[in-house]
Amino acid sequence: MSRFAKKYVVSRINPKGVEYFYVRLPKELTGTKKIKSVRLFSVPDTEEFDQEYWAARKHLESQLAGYVEPENKVLTNRTFLHLFAEFKQTALWKNYGESTKLGKINRMKQFFENHAQGGAIDFTTLTVSNFLQLQDRMSETPDQFNNLRKDLRIMYKVAIRRQIGGINRDIFQSPLDSVDRLPTNSEGHHTWTIEQIEQFQDYWPLGTMPRKAFDLILFTGTRVSDAYRLGPQNEIENGTKLRFKVFKNRAKKPKEIILPILPELRQSLDAAPSNQMAYVTSFHGRPFASAKAFSQWVVKKRKDAGLPACCVPHGLRKGGAVIAAENGATDQQLKSIFGWDTLAQVQKYTKKARQKIGAESGIVHLSLKRKGNS
């Protein structure tokens, strides 16, 4: 029986194009009684959807008759809300950066609201099939699904290790272990081209603060979260090198980097001196309050230079990696410059550059060698 033939089922499409289903009693039945609609979370035309639908009908019609049947309550210590609360008490959670925590909290809020009845679902009852249905519903936003899957897998591992909700760690298995990531075609942030780099530098000459910020990211390969913190206090060996601790994963995997200050960067830093603890300051002459504020300021200066929206600060870091690779930097050298841990990270940033280098050096082998040819 199709969902469209089911009595009292209505649908709503949110601004993102996601369709939600409810069981709602019509006004001619409810009259002046205020009876709240019941959200259906399962996929239409499935057995789970039918079960949810009839349970909702029974609940609503019992309210209409003036009687609410006692619900089968989920054990409080087995809800997703409880699991997430327990997860936030772990050392693993406490080692996350504030921005990482905020991202996970926002993803859980959306998951609870859209797919888990406000977080009241018993996490031990969900199956591989439930998460495959979730995967289907989120197929148009693969990165969002993959991030949510990663978060939930970690939470299930915590639940198993700590036997949250009284589950047996020797028997219980995480349903996420059998759910794969969704493939993504995205190459991440746009890599600035040489032409775009030169256009920014032509618009913002030496001695301007935007040029100083730009050169700082380009000639150090740092992330925005590091670049806006750098200042004279990071200089060592008579101002020939920079030493700093990488902000990302600073608690989980602390890492210190020492980089030579290239002549181009030294010239840019000296052309716009700062008497602050940070090289780059705002219009008011003070260091930026956060990486986000710094990034938004750089984006505004990029707009002023007439560059397209795809040219974001992190893409400039990628542009620097491509320049270094095309100039002959080895993978190990790139790991040292950019603070990467694995070759996979290097290849993610420099894949096109390596292809270009390989093609230019290898094209000479694409020739027909015939007898008599000199």
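F200 is a buried residue at 2% relative accessibility, where buried means under 20% relative accessible area, exposed means over 50% and partly exposed lies in between, with a 1.4 Å probe and protein chains only. The model is predicted, so local features need pLDDT of at least 70 and side-chain atom pairs count only at pLDDT 80 or more, while totals for chains, interfaces and linings use all residues. Residues are numbered from 1 along each chain as its sequence is written, and side-chain values use heavy atoms, with hydrogens and water left out.

**Aromatic rings**

The structure holds 23 aromatic pairs, a pair being two rings of Phe, Tyr or Trp (its six-membered ring) with centres within 6.5 Å, called stacked if the planes are under 30 degrees apart, edge-to-face if over 60 and tilted for the rest. Two of these pairs are set out below.

| Pair | Centre to centre | Angle between planes | Kind |
|---|---|---|---|
| W192 and F200 | 6.2 Å | 70° | edge-to-face |
| Y203 and W204 | 5.1 Å | 75° | edge-to-face |

W192 is buried, with a relative accessible area of 6%, and W204 is buried at 15%, whereas Y203 is partly exposed at 44%. Ring pairs also link a cluster whose members include F80, F84, F87, W93 and Y96.

**Helix α3**

Three residues of that cluster, F80, F84 and F87, are also among the buried residues of helix α3 (residues 80–87), together with L83; helices are DSSP runs of H or I with at least four residues, strands are runs of E with at least two, and both are numbered from the N terminus. Seen down the axis of α3, the buried residues fall within an arc of 95°, so they line one face of the helix; the arc is that of the directions from the helix axis to the C-beta atoms. An α-helix has 3.6 residues a turn, so residues three or four places apart point the same way.

**Strands**

Strands β1 (residues 9–13) and β2 (residues 19–23) run antiparallel and are joined by five bridges, and two strands count as paired if DSSP finds at least two bridges between them. They form a hairpin with five residues between them, and G17 in the turn has a positive phi of about 90°. Elsewhere, an open sheet of three strands has the order β4-β5-β6, with antiparallel pairing. β4 (235–236) and β6 (256–260) stand at its edges, each with a single partner strand, so one side of each is left without a neighbour in the sheet.
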